[in-house]
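Please walk me through this model.

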Amino acid sequence: MAERQSSSSWRARAVLVLLLGPALLWLLALIILPHVDLAFLSLRERTAPHEYAASLTQYRTFFTEPLYWHVFVRTAALSAIATALTLLVAFPMAWVITKVARGRSSSLLFVLCLIPFWVSETVRSLGWLILLRESGVLPALLVKLGITAAPVELLYHDATILVGLVYTSLLFMVVPLVSSLDSLDNSLIEAAYDLGANGPSILRRIVIPHAVPGITAGCIVVFMLTLGNYLTPTLLGGKNSQWFTELIYTQFIVRFNWEQGAAFGFLLLGLSTAMVALGLRLSGQRFVDVMRRT
Amino acid sequence: MSTPDLAVDHVVKRFAEHVAVESLSFSVERGSFFSILGPSGCGKTTLLRMIAGFTVPDSGDILIGGRSMRDVPPNRRPVNMVFQHLALFPMMSVGENVAFGLARRGVARTERTKRAQAMLERVGLAGAAGKRVDELSGGQRQRVAIARSLVLEPTLLLLDEPLGALDLKLREHMKIELKQLQAAFGTTFVYITHDQSEALVLSDHVAVMNRGRFEQVGTPQTLYYDPQTPFVAGFVGANNRIAGRAESVAGDRVELVTASGWRVASRARGRVSAGDPVTAFVRPEAAVLERAEAALPADQPRHRGKIASLLFDGANSAVLISEQSSQSEFRVALPQTGRFSDLKVGEPVAFTFDPMRAICFADVASSGHG
């Protein structure tokens, strides 16, 4: 009996390993191995053709060259702003989908949020170009309405980059918010109202505390996506968008300086890890719990 | 007479084609326990939500403490509600739950902590202030929900079937506790339920509601012993329903014959004329059972039958008798002496009931609608 039990538990373990196998392999081959390689790359310096020595030069360059850390800080700040804006836009959307709309119209609204994502990100961003460029739709409209005398260039501003980033990230904020607001029992809101609370105090004391895991999850995902976004800042911000991923791209592809690019990659990884840790600490959440809820 | 705590004046509420509450007027005296009893979908929840302010009546007015509640939102009404599933705030401690309303009124932190503590003590939960809501038992949560409302000293406490989710034993216990809490605080309670036993045990007055109207308002005793409509007779307490045609009417005494030919004497409630289709209601405990017909009181009509099934339920034990001539089923409560504990299915028995306690309604006239 005991033998049979142990053999069945052995089998269960084997099944588990087999099921997890592909995921573990994927993790190892596509994430861990390249990163180990990049780590080695970032910690060396070319002393002569085909000759390398271990050094911290790549990281030192980052701190001594103002442009690099300037872009780094700028990317972090704009990403944080974009995340906050996405939250501000997505929260009312999620509220309407879960608490205002009923039945079919609620699912319809949710699908409407999803529809833009059927189009590739590149095409969507190019859509913004058509709308915002100097000869585009919106500047022409502004002239027609007499708001501006001549067409203005709406592309290549930080605000344009932010608009694009918020637009791209919206769904990733709406989904966790919808799931966490959906689980909020309406009678809690009514009970708070009945006990004398008003709109703002219900939001602050009941809705937000309940939605914190969803808010945290959405912010983490959006922040990571924004920080690592390459296409949107490049297309909408043009040459002077100064996004950190562009610096990495330049190092790897244009300058063929893989060592520098690898160091930048690690700095970006460190930045996103630090910001996520900070966010979790501030909201009093644990990473595992947050990810489980989404 | 002082102003009633609650006065509902010709209140109407329609949802699309469906009338939820139909021109309803009633008032609730200060300090009383008032229940609204009705089947699900009778409009009682809509009525309660209109009193709380979550639903706006189409017409009519609701006065609380003599003040019209027209255009007064729920957070400004002197009314608090205990929700069906209690709706305690899981993101807060028990103490914070109780202090929530006080905080909204701008009571200072130390003062509201003190008052929340005192209130928890009064409901027997001293020392629970620091606990999480999910650490409490069902009965304790119930008390927190009531404490959370009563700490605001409302004119009126509304309770929306708060015992519905509890298991039977706890429900019986909470019934007693609710009644004692109401007596201790003296706050006017308006309680809605579909459970007639809750309504009867708890209330000073009960309104039986059906299809958006009150069928009857009265003390539990009146409803039970003197129902005004067939609906009330059928809904409040167990009743034998005997449908037939009035064969003869003499004063308030109606002789009815069922379709299968059973002859029953009853007392008319409302207008009953010979030939009317009628329904009579007889309480199981109004009937007397004997093994031998001769042992029954001689001055009442006697009926014979066979035991169809035994329904043993301790003090509420009863038997179903299949009446001899018509095979109609008739329920008789067993006396608690244990005298009939050896009854067998199929055994021939005789039974009788006082015609004065068989209440007869003419079918069309008294039910009005439906």
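Which residue in β13(B) does V257(B) stand opposite? V257(B) faces R263(B). Before going on, some ground rules. This is a predicted model, in which local features need pLDDT of at least 70, side-chain atom pairs count only at pLDDT 80 or more, and totals for chains, interfaces and linings use all residues. Residues are numbered from 1 along each chain as its sequence is written, while chains are lettered from A and ligands numbered from 1 in the order in which they are written.

Back to the strands. Helices (H or I, at least four residues) and strands (E, at least two) are DSSP runs, numbered from the N terminus. Two strands pair if DSSP finds at least two bridges between them. In chain B, β12 (residues 253-258) and β13 (residues 263-268) run antiparallel and share five bridges. Together β12(B) and β13(B) make a hairpin, with four residues between them. In its turn, G261(B) has a positive phi of about 95°. β13(B) also pairs with β20 (residues 358-362) of chain B, this time in the parallel sense, over two bridges. There, R267(B) stands opposite I359(B) of β20(B).

Next, an open sheet of five strands in chain B. The order is β15-β19-β16-β17-β18, with antiparallel pairing. β15 (287-290) and β18 (329-333) of chain B are at the edges with a single partner strand each, so one side of each has no neighbour in the sheet. From one strand to the next, the twist averages 45°. Within this sheet, β16 (residues 302-311) and β19 (residues 348-353) of chain B run antiparallel, joined by five bridges. G305(B) is placed opposite V349(B) in β19(B).

Chain B holds another open sheet, of four strands. Its order is β2-β1-β4-β5, again with antiparallel pairing. β2 (18-28) and β5 (67-68) of chain B are the edge strands, and each pairs on one side only. Two bridges link β4 (residues 59-64) of chain B to β5(B) in the antiparallel sense. L63(B) has S68(B) in β5(B) as its bridge partner.

How is chain B divided? It has domain 1 (6-228) and domain 2 (238-367); such bounds come from an automatic or database domain assignment. The C-alpha centres of domain 1 and domain 2 of chain B are 39 Å apart.

Now the helices of chain A. α3 (residues 66-100) and α4 (residues 103-114) of chain A pack at about 150°, with axes 8 Å apart. Axes are lines fitted to C-alpha atoms, for helices over the stretch in contact, and angles run from 0 to 180 degrees between N-to-C directions. α3(A) and α4(A) are therefore roughly antiparallel (an angle over 145 degrees). M93(A), V96(A) and I97(A) of α3(A) meet S106(A), L109(A), F110(A) and C113(A) of α4(A). Contact means that C-beta atoms, placed from the backbone, lie within 7 Å. By class, these contact residues are six nonpolar, one polar and no charged. Ala, Val, Leu, Ile, Met, Phe, Trp, Tyr, Cys and Pro count as nonpolar, Asp, Glu, Lys and Arg as charged, and the others, Gly among them, as polar.

Last, the meeting of the chains. Chain A gives 15 residues to the contact and chain B gives 17 residues. On the side of chain A that touches chain B, α8 (186-194) and α9 (199-227) of chain A each supply at least two residues. α8(A) has the largest share of that side, six residues. That side of chain A has seven nonpolar, five polar and three charged residues.

Note on methods. Two residues are in contact if their C-beta atoms, placed from the backbone, lie within 7 Å. Angles under 35 degrees count as roughly parallel, over 145 as roughly antiparallel, 65 to 115 as roughly perpendicular and the rest as oblique.
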